[in-house]
Amino acid sequence: MLRHYECPSSCQSHCCSKGQIHMFEDELKVLSSLDHARAGNIIADINSPSLYLMQAPCSFLNDIGRCHVYERRPTVCGMYPFKVNTSGTTVGLQPCPVGFLIIRDFASWIIDTISTSDISPGERSGLIEEWQRNVESYELELLEFHSKPVLLEMQIPYEDLEMLSMFLASRNIGK
């Protein structure tokens with residue numbers, strides 16, 4: 001789904017070097033079979049019995065900070081910069097460099113969609129201004145992405161995931 005977006009070569013692997021990496025048992029088995037020594041620091045997550053946890057930095061980063069097992073990485077790594085929230089009502093979109101590109105492009109797509117909709121000019125103007133403010137606030141988050149301990153992520157309610165999916169599919173046409 002995210003084929004249009006790739007981490008830039010300047011990426012500092014913040015997602016792999018700063019956070020916790022959760023995985024399922026079958027993913028742990030795959031990583032263990034690929035490199036048993038590197039998988040040695042993956043432990044059972046005491047808060048989620050069906051998950052395993054690798055504390056950051058990920059032991060599968062190579063010497064230049066890139067994923068050594070990229071093609072076989074855990075699901076959570078493949079979903080990043082998207083993150084399922086424990087609220088049970090939203091999906092978060094992290095404001096890392098790729099996440100910001102998605103946020104910016106999604107906002108532009110929404111603004112274009114709103115601009116051609118048949119809602120009142122006042123409502124249209126208000127929605128467009130709101131999306132422009134959202135992009136500006138996430139751009140500020142991006143500027144401090146590598147230094148802030150807590151990030152403001154875009155919350156995408158489950159009921160809006162179809163719209164996000166339509167946007168992402170439109171980005172992959174002809175790719």
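Biologist: At what angle do α4 and helix α6 (residues 161–171) pack?

Modeller: This is a predicted model, in which local features need pLDDT of at least 70 and side-chain atom pairs count only at pLDDT 80 or more, while totals for chains, interfaces and linings use all residues. Residues are numbered from 1 along each chain as its sequence is written, and side-chain values use heavy atoms, with hydrogens and water left out. The axes of α4 and α6 lie 10 Å apart, an axis being a line fitted to C-alpha atoms, for helices over the stretch in contact, and angles running from 0 to 180 degrees between N-to-C directions. On that basis α4 and α6 pack at an angle of about 100°.

Biologist: What is the relative orientation of α4 and α6?

Modeller: Angles under 35 degrees count as roughly parallel, over 145 as roughly antiparallel, 65 to 115 as roughly perpendicular and the rest as oblique. The angle of about 100° therefore makes α4 and α6 roughly perpendicular.

Biologist: How many nonpolar residues does the contact of α4 with α6 have?

Modeller: Taking contact as heavy atoms within 4.5 Å, I102, D105, F106, W109 and I110 in α4 meet residues of α6 that include M163, L164 and F167. Ala, Val, Leu, Ile, Met, Phe, Trp, Tyr, Cys and Pro count as nonpolar, Asp, Glu, Lys and Arg as charged, and the others, Gly among them, as polar. Besides one polar and two charged residues, the contact has nine nonpolar.

Biologist: How many charged residues are in the contact of α4 with α5?

Modeller: Among the residues that meet here are F100, R104, F106 and I110 in α4 and R124, W131, Y138 and E139 in α5. The contact has 14 nonpolar and two polar residues, and those that are charged number three.

Biologist: Which kind of aromatic pair do F106 and W109 form?

Modeller: Rings of Phe, Tyr and Trp (its six-membered ring) pair if their centres lie within 6.5 Å, with planes under 30 degrees apart counting as stacked, over 60 as edge-to-face and the rest as tilted. The structure holds four such pairs. Because the ring centres of F106 and W109 are 6.2 Å apart and their planes are at 15°, the pair is stacked.

Biologist: How far apart in sequence are the parts tied together by the pair of F106 and W131?

Modeller: F106 and W131 form an edge-to-face pair, 5.6 Å centre to centre with 90° between the planes. Since F106 lies in helix α4 and W131 in helix α5, the parts they tie together are apart in sequence by 25 residues.

Biologist: Which is W109, buried or partly exposed?

Modeller: Buried means under 20% relative accessible area, exposed over 50%, and partly exposed in between (1.4 Å probe, protein chains only). F106, at 4%, counts as buried, as does W131 at 15%. Ring pairs link F106, W109, W131 and F167 into a cluster. With a relative accessible area of 21%, W109 is partly exposed.

Biologist: How far apart in space are L51 and M23, C-alpha to C-alpha?

Modeller: L51 lies in strand β3 (residues 51–54) and is buried, with a relative accessible area of 19%. Not counting residues up to four places away in sequence, L51 touches H22, M23, F24, A44 and D45. L51 and M23 are 28 residues apart in sequence, yet their C-alpha atoms are apart in space by 5.6 Å.

Conventions
Helices (H or I, at least four residues) and strands (E, at least two) are DSSP runs, numbered from the N terminus.
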